[in-house]
Amino acid sequence: MEQFEGPFLLVDPQRCMGCHTCELACAAAHTRAGSIIGAVLARERLHRRNRVVQVDGVKLPVQCRQCQDAPCVRVCPTGATYRTETYTAVDQARCIGCRLCMMVCPFGAIHVATTTVAGQERRAAFKCDLCVNRLGGPACVAACPTQALSLRYPQQEADRASQAAARQFLRSLASQPQLGS
Amino acid sequence: MAYSDKILKKSIDPTVHQMLARAQELGLETAWDRYEAMLPECGFGELGVCCRNCNMGPCRISPFEDAGPKRGVCGATADIIVARNLIRMIAAGAAAHSDHGRDLAHTLLMTAEGKGGGYEIRDEQKLQTLAAEYNISTEGRSKEEIALDLAGAVYAEFGKQEGPIRFSRRAPRKRVDLWQKLGIDPRGVDREIVEIMHRTHIGVDNDPVNLILQGLRASIADGWGGSMIATEISDVLFGTPKPTRSLANLGVLKADEVNIIVHGHEPTLSEMIVAASRDAELLALAAKLGAKGINVVGLCCTGNEVLMRHGIPIAGNFLQQELAVITGAVEAIIVDVQCIMPALGNLTGCFHTKFISTSPKAKFPGAIHIEFHEDQAYDIAKEIVRGAVENYRWRKPGQVVIPDEKVECLVGFSTEAILAALGGSLEPLLEQIKSGAIKGLAGVVGCNNPKVQHDFGHVNLVKELIRNNVLVVTTGCNAIACAKVGLMLPEAAAQAGDGLKVVCQSLGIPPVLHMGSCVDISRILTVCAAVASALGVDISDLPVAGAAPEWMSEKAVSIGSYVVSSGIFTVLGTVPPVLGSTAVTELLTTGAKEAIGATFAVEPDPFQAAQLMISHIEDKRAALGL
Ligand code: SF4
Ligand code: SF4
Ligand code: SF4
Ligand code: SF4
């Protein structure tokens, strides 16, 4: 199917159990070992790109919205954050850890932490990359035990919504014949 | 001083507001901060559907019809996992209480053998009564000889393979028959706990009802066994509590004295700390270092024990332990077992406060370990107190912030003391219940929990009950909460309904009676059993109800279970991890009624919880024709 815009993660807060499994899956997907236990054994640092939060008793994971006009891209003085066709990305090699992106992200979805870049200990920005390099797509989506997360395409969502609205419209027409003629 | 809404929402106690603001100023974290950092807490755990009982797991069951696993790797359903998890909590709680009881039996044994370093048998009357219950001859024998036999007999309750547990026979005949019919009459204290661990191992008992029944059996072994032994033997050794006046809340710490906090659960050590704090040599040392005296105060149930027996003031309940240290005025916080936050290690490191652990069962990061042994009890206590006194010179007066609040209380209503207040028999109480002046009795107990506003549930539930002429008996952290707001003064009768008010005023007692520490809930059982037997009915027929508005510990799960197993309707204020199983939830909240004549209810709102209890009491009155 032709994609006009890149995909994004949809969260269903009613399904989220606040179990943090998605955080662990995210961190694991971005290690060399590829698993939490493997990473711990290899003493790799674990970095999650998402965060499960609770507000007013509701639990849900928050991660990058892959903004089209991304504040983190606009503010970055070194061009470390940039936008591709499908998502907003960070080039950690160019990142100077200035945290400007953290300050402007309206979702708190980007953070700076210590990591190894080109063999050197550095502070650099982390954010959700939609697991573009992972076969099978986002690790968090695959890991969530209640299917609270899904990867959606804006065009598909728009199609679904307009189809549903159209169906609703037809149904109300059918039930109110005076509108029909 | 005006505090932020955030601080005000955490507690109803002004000392908590003041100390939380102080903590913020000093950049120190407390349980409330750690709770916030923990959010969201895992929903699978909250529902109780997470199993780690074998290494094919961990498994968790999705509560959503259309998504996620419905069975563990072994095939265990949510019902099975929830039931197993719940009774494992009971096993832990019963083990904690019972080990406490066992330690006291051990102290009694050593004392009887003449090896207890400073202990003596203080309540000979009680010793005689218990000996009679155990068919131990007392004629012409010394108290040590009798105590030796009694110690052996109660000690044997733990390891025995076949019942009955002697004190369980204090329950009305009808109750015992019911336990026997259901197959839940406990055989030995340890046996029931071990059997829970066996049955919940992978691939053993996978019938939720059968599992829950075993949980109830172990809980009965706690309430009518381990806990009751702890209470009774404490009374023999340290004296049965009598009404005593004292003070409660952080304001009991003194700016110009050496402050020693005893915290935890067992009276064995704290008794000796109290004695050592009166040692002339140590008092002289304190004076030499510029302190006006040695001020021992309590926290949690160790605090309740010495409060009830010696009128030692109590500094606060569970959630105030860190705040006490943050006053900067504590020379030593001495702990034994249970409900001691490991966070105290880091926190005391920020102050001059010494954190001293004393039990071989409980060591803490950052604590100095001075192991306590009964045979040298007094000497060890003296060394600990000496260390605290010497530490006074390192106190930084500029860092000391002690809240002003301290409230008077009248405590020490053991079953015996209640009988004495009534003139030697239960008859006057029964009369007042029959006449309706007192509608019924409520036992309100349990911990604090940062998930709910500190003390809000405790205090409001109790106030609502007494306003409706329900006499309240209390133990543990609820008792401390009540003491802090003046509900344990005879003057509090003014807050009671008209009937209860008159009764309290004529007897000179508060409408809220402090019956002791958490293990002392056994005293409440004893009172209920005596009332039921006097009326010739079962406990489940009485106009009584129980509540734990802010509970958090596994001990509370065991307590709730034995209270319900004993026939008392019980309202919980925080939600137990069982909602993942409709079957188990229904069994506990409705099904149990048919089997054991009582159920649990969950109601976080204390006003509505009180209504549930009151209407239950009304129903029971009606059934009794009152
Ligand atoms: S894994 Fe799913 S249920 Fe668990 S916290 Fe993440 S989104 Fe919520
Ligand atoms: S922290 Fe890195 S990515 Fe963020 S604005 Fe600074 S340089 Fe750019
Ligand atoms: S899509 Fe990938 S990178 Fe983004 S939050 Fe999920 S697991 Fe992490
Ligand atoms: S006992 Fe069963 S449910 Fe529990 S972890 Fe093992 S396989 Fe999973």
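A polar contact is a pair of N or O atoms within 3.5 Å, where within protein one atom must be able to donate a hydrogen and the other to accept it, and residues adjacent in sequence count only if both atoms are side-chain atoms. By that rule, 13 residue pairs are in polar contact across the interface of domain 2 of chain B and domain 3 of chain B, both residues of each pair being at pLDDT 80 or more. This is a predicted model, in which local features need pLDDT of at least 70 and side-chain atom pairs count only at pLDDT 80 or more, while totals for chains, interfaces and linings use all residues. Residues are numbered from 1 along each chain as its sequence is written, chains are lettered from A and ligands numbered from 1 in the order in which they are written, and side-chain values use heavy atoms, with hydrogens and water left out.

**Domains of chain B**

- Chain B is divided into domain 1 (82-238), domain 2 (250-399) and domain 3 (415-623), with bounds that come from an automatic or database domain assignment.
- The C-alpha centres of domain 2 of chain B and domain 3 of chain B lie 32 Å apart, and their contact (heavy atoms within 4.5 Å) takes 16 residues from domain 2 and 20 residues from domain 3.
- Domain 2 of chain B and domain 3 of chain B bury about 1,400 Å² between them, 67% of it on carbon and sulfur atoms, where buried area is the accessible area (1.4 Å probe) that two parts lose on being put together, summed over both.
- Of the area that domain 2 of chain B buries against domain 3 of chain B, B:M308, B:N317 and B:L319 supply 38%, more than any other three residues.
- Between these two domains the count is 0 salt bridges, a salt bridge being a side-chain nitrogen of Lys or Arg within 4 Å of a carboxyl oxygen of Asp or Glu.
- On the side of domain 2 of chain B that touches domain 3 of chain B, the elements giving two or more residues are α13 (300-310) and β6 (314-316) of chain B; helices (H or I, at least four residues) and strands (E, at least two) are DSSP runs, numbered from the N terminus.
- The largest share of that side, 7 residues, comes from α13(B).

**Interface of chain B and chain A**

- In this interface, 17 residues of chain B are in contact with 15 residues of chain A.
- The two chains bury about 1,200 Å² between them, 60% of it on carbon and sulfur atoms, and in chain B the residues B:P40, B:F44 and B:F64 lose the most area to chain A, together 45% of what that side buries.
- The rule finds 2 salt bridges across the interface of chain B and chain A, and the side chains of A:K59 and B:E46 meet in a salt bridge (2.6 Å, N to O).
- Across the interface of chain B and chain A there are also 5 residue pairs in polar contact, both at pLDDT 80 or more, and helix α4 (residues 43-47) of chain B gives the most to the side of chain B that touches chain A, with 4 residues.

**Surroundings of the ligands**

- Ligand 2 is surrounded by 13 residues, of which the closest are A:C76, A:C95, A:C98, A:R99 and A:C101, a residue being counted if one of its heavy atoms lies within 4 Å of the molecule.
- Around ligand 3 are residues including A:C26, A:H30, A:C128, A:D129, A:C131 and A:C140.
- The residues around ligand 4 include B:C51, B:C54, B:C59, B:C74, B:R84 and B:I202.
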